[in-house]
Amino acid sequence: MSLNFCFNQQQWTADITQPLDISMPLNINQLNPNCYYAEEPTAETISFGDTFIGSVAAGGSCNYQRLHITPHGNGTHTECYGHISADGATIHECLRQFLFFARLISIQPAQLSNGDLCILPEQLEKAILTNIPEALIIRTLPNADNKRVRQYSGTNPPYFHAECGRLLASKGIKHLLCDLPSVDREEDGGRLLMHRNFWQYPQATRRESTITELIYVPDTIADGDYLLQLGIISLMMDASPSKPVLYALHQ
């Protein structure tokens, strides 16, 4: 099965029978990627005295559990400008379309004079000179497999230079996806300048734009253009666990 569509006056075909999942599955009560000192996701079996237990393994008729999760700290998640706003904006209200023309690029973060690893505007600009995509997906190098379980808290992981946000907004890129725990420095005094510049908040807020963090793009997926399907929970919060999926494109 294939999907035909037009983007920037060009015709494209997506093979939707071969999805390329770039989300990270959450393993309940097991090791997951983690940041900002979030508790690990857990699930609790619900029971009602001797009349019901929500575990088939324990003799119940079905599995019925309560899930505890921190979207910003546990695995792949997508956030809206409500992450930095007090107006109550939710990802459910801001993300109303789910298919986008996307470009995947791989970048080795540059080392700054203070030792930080940082993605610079000039590294992004080279990738979006022509046929500017709706969504930009960043795979950082080296692309070690332990990203799937890396414990980022207190490690000052790579981040984006604040001017990257202004650049992407000026180019009209609506959605940014990356394999980092945050687009901003882990400790930046609460400024969150990359977030603010990307969303153009509060002067000209780009309400329909999103940032997705803690994806994982295997080396088997080549850099290039794809159709992106960005799935979220219909959650009335600033962020939701998400499932970004890519589909190969042909002309």
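**View 1. At 42% relative accessibility, Tyr64 counts as partly exposed.** Partly exposed covers the range between buried, which is under 20% relative accessible area, and exposed, which is over 50%, with a 1.4 Å probe and protein chains only. The model is predicted, so that local features need a pLDDT of at least 70 and side-chain atom pairs count only at pLDDT 80 or more, while totals for chains, interfaces and linings use all residues. Residues are numbered from 1 along each chain as its sequence is written, and side-chain values use heavy atoms, with hydrogens and water left out.

**View 2. The structure holds 6 aromatic pairs.** One of these is formed by Phe7 and Phe101, which are stacked at 4.3 Å centre to centre with 10° between the planes. Phe7 belongs to strand β1 (residues 2-7) and Phe101 to strand β9, so this pair ties together parts that are 94 residues apart in sequence. Both Phe7 and Phe101 are buried. In the pair of Phe52 and Tyr64, the ring centres are 6.0 Å apart and the planes stand at 65°, so this pair is edge-to-face. Rings of Phe, Tyr and Trp (its six-membered ring) pair if their centres lie within 6.5 Å, with planes under 30 degrees apart counted as stacked, over 60 as edge-to-face and the rest as tilted. The strands and helices named in these legends are DSSP runs numbered from the N terminus, with at least two residues (E) for a strand and at least four (H or I) for a helix.

**View 3. The charged end of Arg206 sits over the ring of Phe198.** The distance from this charged end to the centre of the Phe198 ring is 4.6 Å. A charge sits over a ring if NZ of Lys or CZ of Arg is within 6 Å of the ring centre and within 35 degrees of the ring normal.

**View 4. Strand β12 (residues 135-140) is mostly covered, with 6 of its 6 residues buried.** On one side Ala135, Ile137 and Arg139 are buried, and on the other Leu136, Ile138 and Thr140 are buried as well, which leaves both faces of β12 covered. Strand β9 (residues 99-107) runs parallel to β12 and is joined to it by 6 bridges, and Ser106 stands opposite Arg139 in β12. Strand β14 (residues 175-178) also pairs with β12 in the parallel sense, here over 4 bridges, and the partner of Ile138 in β14 is Cys178. Two strands pair if DSSP finds at least two bridges between them.

**View 5. An open sheet is formed by 3 strands in the order β10-β11-β13, with mixed pairing.** Strands β10 (110-111) and β13 stand at the edges, each with a single partner strand, so one side of each has no neighbour in the sheet. Strand β11 (residues 117-119) runs parallel to β13 and is joined to it by 2 bridges, with Cys118 opposite Tyr159 in β13.

View 6. Most residues other than glycine have a negative phi, and most peptide bonds are trans.

**View 7. The structure holds 0 disulfides.** A disulfide is a covalent bond between the sulfur atoms of two cysteines, and it is assigned here to a pair of cysteine sulfur atoms within 2.5 Å. The cysteine sulfur closest to that of Cys35 is in Cys178, at 10 Å, which is too far for a bond. Cys35 is buried, with a relative accessible area of 1%, and Cys178 counts as buried at 0% relative accessibility.
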